[in-house]
Amino acid sequence: ELGVCTVLGVSNVSFGLPRRPLVNRTMFVAALAQGLDSAIMNPADLGMREALAAWRLLSGMDRDAQDYIAWCGEHPTEGTAPASTAPAEGLAAPANGAPSGDGLAAAIARGLRDEAAARTRELLKDLSPIEIIEGHIVPALDSVGREYEARRLFLPQLIQAAEAAKAAFECLKEALAAQGAGSREEGRGPIALATVYGDVHDIGKNIVKVILENYNFKVVDLGKDVPPERVVEAVKAGNIPIVGLSALMTTTVASMKDTIEQLRKECPRVKVIVGGAVLTPDLAQYAGADFYARDAMESVRIASKILGA
């Protein structure tokens with residue numbers, strides 16, 4: 001009612017009881033739920049500090065789970081890590097294999113949108129948009145995808161990296177459009193693009209889309225998490241000769257295979273190009289694809305070959 005701040009000596013509640021840390025932790029969380037501002041507590045009690053980390057996550061104070069993920073990285077097993085290490089602030093340090101330093105790739109890996117945009121504008125002074133995409137953005141996304149698959153990065157970090165990559169790519173759109181100006185003719189294709197069913201990541205697909213459009217291909221973007229039936233329907237409706245399928249996670253390669261199998265039955269003349277962070281030539285062959293594209297520019301070369309351009 002008064003808006004004043006509160007402080008509580010948490011451990012007083014458990015005086016004279018067995019297993020005092022359990023009571024203290026429970027009291028601490030209950031008090032936080034009622035608006036406690038500050039606690040007098042034992043900083044060597046790992047359970048109290050992990051309860052605080054989880055509370056900040058659940059209450060929305062740690063909205064992107066950055067501090068919680070950092071805490072778990074420093075304390076991989078509950079109650080066993082040294083109690084003297086304080087939770088890290090901000091994003092966790094780059095995992096093994098993730099880009100480090102202060103360049104564009106590192107900004108993407110850390111999910112820093114403003115930094116990614118600033119680094120992109122700086123790179124445009126010396127590099128073409130295609131060089132930035134192939135040399136910086138795509139390798140960063142590939143690395144983030146591998147770290148996510150290895151469970152060294154987690155979903156909030158994956159989403160942040162994708163958002164940072166989008167911020168970088170926004171800076172490239174005008175440069176890409178200017179690069180292709182004056183050479184437009186009726187678009188080639190069309191080409192349907194989709195991220196396969198069960199996969200909600202579309203940054204890689206979006207990059208391929210813009211690059212294809214810059215090379216004067218008509219693109220039908222079916223979006224992400226697309227069921228096989230929807231892909232087949234679009235190919236039939238638009239008489240589409242090429243389909244590009246993307247998968248970021250190993251677990252959705254099976255969906256890619258299902259989609260291609262349905263395309264073979266319903267649209268036998270369509271050619272299928274596949275790509276994505278986890279895709280390899282062997283996985284592309286397993287899925288039944290006609291072509292494997294390791295990056296966006298490879299998609300352009302393959303599509304040009306298919307259409308005889």
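**Exercise 1. Determine which residues lie nearest the centre of the largest pocket, and how its lining divides by class.**

Solution. The model is predicted, with local features requiring pLDDT of at least 70 and side-chain atom pairs pLDDT 80 or more, whereas totals for chains, interfaces and linings use all residues. Residues are numbered from 1 along each chain as its sequence is written, and side-chain values use heavy atoms, without hydrogens and water.

Step 1. A pocket is an open set of points on a 1 Å grid over the protein atoms alone, where a 1.4 Å probe fits, with protein on both sides within 12 Å along at least five of seven lines; lining residues have an atom within 4 Å of a point.

Step 2. Of the 40 residues lining the largest pocket, Gly204, Lys205, Ser246, Gly275 and Gly276 lie nearest its centre.

Step 3. The lining comprises 24 nonpolar, 9 polar and 7 charged residues (Ala, Val, Leu, Ile, Met, Phe, Trp, Tyr, Cys and Pro count as nonpolar; Asp, Glu, Lys and Arg as charged; the others, Gly among them, as polar).

**Exercise 2. Describe the packing of helix α1 against helix α2.**

Solution. Step 1. Helices are DSSP runs (H or I, at least four residues), numbered from the N terminus. Axes are lines fitted to C-alpha atoms over the stretch in contact, and angles run from 0 to 180 degrees between N-to-C directions.

Step 2. Helix α1 (residues 20–33) packs on helix α2 (residues 46–58) at about 30 degrees, their axes being 9 Å apart. The two are therefore roughly parallel (angles under 35 degrees).

Step 3. The contact (heavy atoms within 4.5 Å) includes Phe28 of α1 and Trp55 of α2. By class, this contact has 8 nonpolar, 2 polar and 1 charged residues.

Methods. Parallel < 35°, antiparallel > 145°, perpendicular 65-115°, else oblique.
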